[in-house]
Amino acid sequence: MRSLHAYSDGVYPPSTPPPNQPPPPQPQAQPGGFHPAPQHGYPTQHHAQQPPSFTPGAPYNYAPPHPYRQPNGVGAWGVGLIVFFFLPFFSSIAAGIAMIILGRMQRTKGPLAAENGRRAANWGLTYTLATVVTMLPHFIILFAFDDRIPSGFYPMGIFVTLWGVVTLLHIVVSIVGLVMANGNKVVKWNGIPFFRS
């Protein structure tokens with residue numbers, strides 16, 4: 001055991017810091033969890049890992065919310081193009097009835113959808129009646145007076161021509177109504193106002 005004279009000569013044990021001297025610097029933590037060995041007998045202080053700092057404007061991976069789409073009654077006008085399917089005359093009746101049904105179903109889906117649905121139903125009923133008025137006499141005369149009908153397209157073809165003009169107008173109206181309703185606008189076409197609300 002050293003005597004007090006050894007301490008007076010400036011010799012100290014390694015684990016005891018000399019008086020009036022600052023403690024040795026603390027070792028820095030190394031990446032990967034490695035910490036250097038303690039020096040001069042002092043324990044190493046482990047620093048807790050800091051959470052990542054927030055950077056304003058940094059991108060985040062999240063799904064954007066689905067944009068709200070206002071009900072606009074576009075389907076009631078789209079079904080008017082059913083006229084291109086099935087058989088002539090029967091497809092016209094099917095298109096008109098589909099517009100009436102789907103148009104009236106829009107009454108509870110918002111003001112824009114209700115208005116466009118009402119106009120689609122009015123036009124569908126108008127086109128259905130126009131189809132019946134132009135084609136029903138044609139079939140009645142065709143079956144009742146088959147043996148007395150003169151040859152050639154006319155005069156019997158007058159009814160078919162009128163129906164063709166009405167159907168062409170229906171196709172144009174349906175496409176315009178489809179585009180306007182899809183753009184969240186009130187369709188200008190209305191037909192005979194059978195439905196007022």
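Student: Where does Phe89 lie?
Tutor: Phe89 lies in the loop that runs between α2 (74-78) and α3; here helices (H or I, at least four residues) and strands (E, at least two) are DSSP runs, numbered from the N terminus. This is a predicted model, in which local features need pLDDT of at least 70, side-chain atom pairs count only at pLDDT 80 or more, and totals for chains, interfaces and linings use all residues. Residues are numbered from 1 along each chain as its sequence is written, and side-chain values use heavy atoms, with hydrogens and water left out.

Student: Is Phe89 buried or exposed?
Tutor: Phe89 counts as buried because its relative accessibility is 14%, and buried means under 20% relative accessible area, exposed over 50% and partly exposed in between (1.4 Å probe, protein chains only).

Student: And what about the phi of Phe89?
Tutor: Phe89 is not a glycine, yet its phi is positive, at about 75°. Most residues other than glycine have a negative phi.

Student: What is the phi of Asn184?
Tutor: Asn184, also not a glycine, has a positive phi of about 60°. Asn184 sits in the segment after α5, and at 37% relative accessibility it counts as partly exposed.

Student: Let's zoom out: how many helices and strands are in the chain?
Tutor: The chain has five helices and zero strands, which reads along the sequence as α-α-α-α-α. Of its 197 residues, 28% count as buried.

Student: At what angle do α3 and α4 pack?
Tutor: The angle between α3 and α4 is about 155°, and their axes are 7 Å apart; axes are lines fitted to C-alpha atoms, for helices over the stretch in contact, and angles run from 0 to 180 degrees between N-to-C directions. The two helices α3 and α4 are therefore roughly antiparallel, since angles under 35 degrees count as roughly parallel, over 145 as roughly antiparallel, 65 to 115 as roughly perpendicular and the rest as oblique.

Student: Which residues of α3 and α4 make the contact?
Tutor: Contact means heavy atoms within 4.5 Å, and the residues involved include Ile93, Gly96 and Ile97 of α3 and Gly124, Thr128 and Val132 of α4. The residues of this contact of α3 with α4 divide into ten nonpolar, seven polar and two charged, where Ala, Val, Leu, Ile, Met, Phe, Trp, Tyr, Cys and Pro count as nonpolar, Asp, Glu, Lys and Arg as charged, and the others, Gly among them, as polar.

Student: What does Thr128 touch, not counting residues up to four places away in sequence?
Tutor: On that count, Thr128 touches Ile93, Gly96 and Ile97. Thr128 belongs to helix α4 (residues 111-144), and it is buried, with a relative accessible area of 10%.

Student: How do α3 and α5 pack?
Tutor: Helix α3 (residues 90-104) and helix α5 (residues 157-182) pack at an angle of about 40°, and their axes are 12 Å apart. That makes α3 oblique to α5. Ser92, Ala95 and Met99 of α3 meet Trp163, Thr167, His170 and Ser174 of α5, and the residues of this contact divide into three nonpolar, four polar and no charged.

Student: Last one: what is Ala98 in contact with, leaving aside its neighbours within four places in sequence?
Tutor: With those neighbours left aside, Ala98 is in contact with Val79, Ile82 and Gly103. Ala98 lies in helix α3, and its C-alpha atom is separated by 7.6 Å from that of Ala76, 22 residues apart along the chain.
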